[in-house]
Amino acid sequence: MEAVVNVDLGGPRINRHLYGHFAEHLGRCIYGGFWVGEDSAIPHQGGIRLDVVEALRDLGIPNLRWPGGCFADEYHWRDGVGPRDQRPVMVNTHWGGVEENNHFGTHEFLALCELLGAEPYISGNVGSGSVREMSEWVEYLTRDGDSPMARLRKANGRDEPWRVRFWGLGNEAWGCGGNMTAEHYAQEARRFGTYSRDYGDNKLYKIAAGANGDDYHWTETLMKQLGHLGCQHIRSTGYHALSLHYYTLAGPWENKGSATAFDTAEYYTTMVAAARIEELIAGHAAVMDCYDPGRSVGLVLDEWGTWFDVEPGTNPGFLYQQNTLRDALVASVHFDVFHRYADRLVMANIAQTVNVLQAMILTDPETGALVLTPTYHVFRMNRGHQDATSLRVDFRDALPSRPVGEATLTTVSVSASRKDGRLLVSLSNLDASSPADVEIELRGGAVEAVDAEILTAGTLQDHNTPQAPSTVAPRPYDGVSVDGGRLRVRLPAHSFVTVSGAL
Ligand code: AHR
């Protein structure tokens, strides 16, 4: 199959925030994942687990969304500041009904972001909170000088304000965030947005809680609300972006499928579900284009990834699942779509970073051992796309495909970018058993030599464990040849390959 990468045609910038993450007070994501507490024998800084931080720093994670998810709309930030032993305990009703001692709160989250070098993205409580509560949280975090909330922050040990641009106006307002209609929520988003103020040079980027999957009515309602305000008012009283949530399942919600015990048919069903992200982003972007042809309002996919049945024997409310080569390929095809729609999609956050759903890192609750998942490796291999120029990829022939039930799955996926004089091409072969050969014409450019890496494994079900941490790990790859302006890439069955070189 022959592809053309248009090296000299500038496309949109791939916002680094498309490689964002999400950490909710859910299961062992925060407690036992990021946070081990100051008395832990596991190396930590102020209670934050350092091996987790170090592994994530290698991904260059640009932002971290917190504290939820559904948890965000039951979270009251004042419970999570001040001396830890005086913080009230609450019940985490969404996730396992466990007690939440609030030991990881605002200061701990901001300390984590500083260690990661990531921008904080805070989801405010619209569902069960008040406008005043959210307004004061913004003031507490970002106001310089003297004010009631700035004084409280200082009393709690932090003199300087933090810089917090990204604020979510609630989460899943159509469901756990208040079961609202789109019309009602649009008004609420405006109200909460109005009183979330910019202090000094901290200009907020407010993200309205957007649609679930293909709910285009939700997106249209939020866009109409902005139209009514007029674009000039967006910055002061509205929102700058809308979110979208979409999860990849291997079956219906009541039978999502096992994370590791799946057959080839279920693998293909999962990949069809993953590939649907393109239809959804294109669909929501088209609705937004009607109201905002200049594309000043961003689309933020702040929850995406696989959602399977929990690992047998674990708390069903903790959403702990293993992560196989299949998950890696789900991630790689998502990124190809993100790169193609980088003119509208400004941020994406995989759910969730540690020990929950499609995680980067799994930690053993008994031994504390840390495992990097196959998905982690895709984020690392693709890191060079962050802030790069997306390059258009065209195909001279029809792409290979196969029927999956009533759908058709395209089994080769490619995206490309350039940054700082380097080309990066990402290629996925989703076929479970056949290799694919891709010849790429670099139109308008050439590379002399390339570095290539491959992520694959003996089976689709392969995954990493503390006993075998590198079963699925990237390796240098010699299945690429270069001939001036042409690359020839052999993609083994079920593989992900990255090729980079100086232009
Ligand atoms: O990521 C898990 C949950 O999925 C989030 O809390 C919620 O927003 C979504 O339904």
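**Helix packing, loops and domains**

Trainee: How many of the 11 residues of helix H2 (residues 106-116) are buried?

Mentor: Buried means under 20% relative accessible area, exposed means over 50%, and partly exposed is in between (1.4 Å probe, protein chains only). Helices (H or I, at least four residues) and strands (E, at least two) are DSSP runs, numbered from the N terminus. Helix H2 is mostly covered, and its count of buried residues is nine.

Trainee: What kind of model is this?

Mentor: Residues are numbered from 1 along each chain as its sequence is written, and side-chain values use heavy atoms, with hydrogens and water left out. Local features need pLDDT of at least 70, side-chain atom pairs count only at pLDDT 80 or more, and totals for chains, interfaces and linings use all residues; the model is predicted.

Trainee: Which residues is Glu-108 in contact with, leaving aside its neighbours within four places in sequence?

Mentor: Contact means heavy atoms within 4.5 Å. With those neighbours left aside, the residues that Glu-108 touches are Trp-35, Ile-48, Gly-80, Arg-84, Arg-87 and His-103.

Trainee: Why does H1 count as oblique to H2?

Mentor: Axes are lines fitted to C-alpha atoms, for helices over the stretch in contact, and angles run from 0 to 180 degrees between N-to-C directions. Helix H1 (residues 50-57) packs against H2 with the axes 9 Å apart, at an angle of about 50°. Angles under 35 degrees count as roughly parallel, over 145 as roughly antiparallel, 65 to 115 as roughly perpendicular and the rest as oblique. The angle between H1 and H2 therefore makes H1 oblique to H2.

Trainee: How many residues in the contact of H1 with H2 are charged?

Mentor: Val-53, Leu-56 and Arg-57 of H1 meet Leu-112, Glu-114, Leu-115 and Leu-116 of H2. Ala, Val, Leu, Ile, Met, Phe, Trp, Tyr, Cys and Pro count as nonpolar, Asp, Glu, Lys and Arg as charged, and the others, Gly among them, as polar. In this contact five residues are nonpolar, no residues are polar, and the number of charged ones is two.

Trainee: What is the handedness of the crossing of H9 and H10?

Mentor: Helix H9 (residues 325-340) and helix H10 (residues 374-381) have axes 7 Å apart and pack at an angle of about 30°. That angle makes H9 roughly parallel to H10. A crossing is left-handed if the near helix is turned anticlockwise from the far one by less than a right angle, and right-handed if clockwise. The crossing of H9 and H10 is right-handed.

Trainee: Which residues in H10 meet H9?

Mentor: On the H9 side the contact has Leu-325, Asp-327, Ala-328, Ala-331, Ser-332 and Phe-335. The residues in H10 are Pro-374, Thr-375, Val-378 and Phe-379.

Trainee: How far apart are the C-alpha atoms of Leu-409 and Tyr-268?

Mentor: Leu-409 is found in strand E19 (residues 407-410) and, at 1% relative accessibility, counts as buried. Its contacts beyond four places in sequence include Tyr-268, Met-271 and Leu-430. Leu-409 and Tyr-268 are 141 residues apart along the chain, and their C-alpha atoms are separated by 7.8 Å.

Trainee: Is Asn-102, with a phi near 65°, buried or exposed?

Mentor: Most residues other than glycine have a negative phi. Asn-102 has a positive value and lies in the loop between strand E7 (98-100) and H2. With a relative accessible area of 0%, Asn-102 is buried.

Trainee: What is the relative accessible area of Asp-420?

Mentor: Asp-420 is not a glycine, yet its phi is positive, about 50°. It lies in the loop between strand E20 (412-419) and strand E21 (422-429). Asp-420 is exposed, with a relative accessible area of 74%.

Trainee: What is the omega of the peptide bond that joins Ala-351 and Gln-352?

Mentor: Gln-352 is in the loop between strand E13 (345-351) and strand E14 (361-363). The bond joining Ala-351 and Gln-352 is cis, with an omega of about -10°.

Trainee: How many residues does domain 2 give to the contact with domain 1?

Mentor: The chain is divided into domain 1 (14-387) and domain 2 (391-502), with bounds that come from an automatic or database domain assignment. Their C-alpha centres lie 29 Å apart. Domain 1 gives 37 residues to the contact, and the number from domain 2 is 38.
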